Amino acid sequence: MKLISDEQLKPLLEAALFVAESPLSLKDIKESLLINYKVSSKRIKLAVEQLQQDYQNRGVELVKVARGYRFQTAQTHSEDLAGLFKERTPRYSRALLETLALIAYKQPITRGEIEDVRGVAVSSYIIKTLLERNWVKIVGQKEVPGRPALYATTGEFLDYFSLASLAQLPELMPLPELSLTES
């Protein structure tokens with residue numbers, strides 16, 4: 001095992017986080033990038049925290065998301081940078097977003113339970129799209145007749161929406177109680 005100084009560790013971590021295709025966890029960093037070096041998890045975490053401080057108030061920032069750390073543009077610049085990208089952000093239907101929100105807030109949930117809440121059938125296309133984007137996955141089957149699939153969100157869902165955990169989802173707004181006697 002080779003030794004690595006703090007002066008070498010920090011720029012190596014910075015470079016790895018810049019070129020990584022997906023977020024890197026501290027475990028990933030230790031078990032892949034630093035496999036040949038003698039370095040503690042504590043030193044790695046400290047170097048990542050120093051990098052986060054270095055990138056405060058800059059055009060890019062080092063953020064922690066569900067599956068690890070990644071560099072991303074600062075939120076304050078997103079509108080200005082949008083014109084640089086030829087590829088348009090996919091537009092998702094209201095039905096798809098409602099379905100995704102129900103899965104995120106009520107997981108694990110079956111398709112039938114989603115339909116009960118929404119009051120309409122859930123298109124196979126919607127479920128297929130969410131599975132293909134890897135925003136949801138099947139986590140089991142409900143122990144009822146027909147054994148319907150149970151859906152839950154993935155780490156990629158959290159990463160896409162820059163969330164470290166489901167606890168960071170915004171609170172749901174309460175729906176007003178509707179009465180049958182109201183006109």
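In which helix is the place of Ile127? In this predicted model, Ile127 lies in helix α7. Ile127 is buried, because its relative accessible area is 5% and buried means under 20%. Its contacts reach beyond its own stretch of chain. Not counting residues up to four places away in sequence, Ile127 touches Thr99, Arg111, Val122 and Tyr151. Arg111 is 16 residues from Ile127 in sequence, yet the two C-alpha atoms are 8.6 Å apart in space.

Helix α7 packs against α5. The axes of these two helices come within 10 Å and cross at roughly 60 degrees. That angle makes α5 oblique to α7. The crossing of α5 past α7 is right-handed. On the α5 side, the contact involves Ala95, Leu96, Thr99, Leu100 and Ile103. On the α7 side, Ile126, Ile127, Thr129 and Leu130 take part. By class, this contact has seven nonpolar residues, two polar residues and no charged ones.

Helix α5 also packs against α6, which spans residues 111-118. Here the angle is about 115 degrees, and the axes are 10 Å apart. This crossing, too, is right-handed. Helix α5 contributes Ala95, Glu98, Thr99, Leu102 and Ile103 to the contact. Helix α6 contributes Ile114, Val117 and Arg118. The class count for α5 with α6 is five nonpolar, one polar and two charged. Ala95, Thr99 and Ile103 of α5 take part in the contacts with both α7 and α6.

The nonpolar core comes next. In soluble globular proteins, nonpolar side chains tend to be buried together. The largest nonpolar core in this model has 19 residues. Within this core, Leu100, Ile103, Ile114, Leu130 and Phe157 touch the most other members. Helix α5 gives the most, with five residues. Ile103 illustrates how these parts meet. Leaving aside residues up to four places away in sequence, Ile103 touches Ile109, Ile114, Leu130, Val136, Tyr151, Ala152 and Thr153. A second, separate core has 17 residues, including Leu17, Ile29, Val48 and Tyr55.

Helix α2 covers residues 26-33 and packs against α3 at an angle of about 115 degrees. The two axes are 10 Å apart. Their crossing is right-handed.

Strand β3 holds Val63. Is Val63 buried or exposed? Val63 is buried, since its relative accessible area is 16% and the limit for buried is under 20%. Not counting residues up to four places away in sequence, Val63 touches Gln52, Gly68, Tyr69, Arg70 and Gln72. Thr73 is ten residues from Val63 in sequence and 9.8 Å from Val63 in space, C-alpha to C-alpha.

Several backbone features fall in loops. The peptide bond from Gln107 to Pro108 is cis, with omega near -5 degrees. Pro108 lies in the loop between α5 and β5 (109-110). Asn57 is not a glycine, yet has a positive phi of about 60 degrees. The loop that holds Asn57 runs between α3 (41-54) and β3 (60-65). Asn57 counts as exposed because its relative accessibility is 83%, and exposed means over 50%.

Asn134 likewise has a positive phi of about 60 degrees and is not a glycine. Its place is in the loop between α7 and β6 (136-141). At 30% relative accessibility, Asn134 counts as partly exposed.

Terms used. Residues are numbered from 1 along each chain as its sequence is written. This is a predicted model: local features need pLDDT of at least 70, side-chain atom pairs count only at pLDDT 80 or more; totals for chains, interfaces and linings use all residues. Side-chain values use heavy atoms; hydrogens and water are left out. A nonpolar core is a set of buried Ala, Val, Leu, Ile, Met, Phe, Trp, Tyr and Cys residues joined through side-chain atoms within 4.5 Å. Buried means under 20% relative accessible area, exposed over 50%, partly exposed in between (1.4 Å probe, protein chains only). Helices (H or I, at least four residues) and strands (E, at least two) are DSSP runs, numbered from the N terminus. Contact means heavy atoms within 4.5 Å. Axes are lines fitted to C-alpha atoms, for helices over the stretch in contact, and angles run from 0 to 180 degrees between N-to-C directions. Angles under 35 degrees count as roughly parallel, over 145 as roughly antiparallel, 65 to 115 as roughly perpendicular and the rest as oblique. A crossing is left-handed if the near helix is turned anticlockwise from the far one by less than a right angle, and right-handed if clockwise. Ala, Val, Leu, Ile, Met, Phe, Trp, Tyr, Cys and Pro count as nonpolar, Asp, Glu, Lys and Arg as charged, and the others, Gly among them, as polar.
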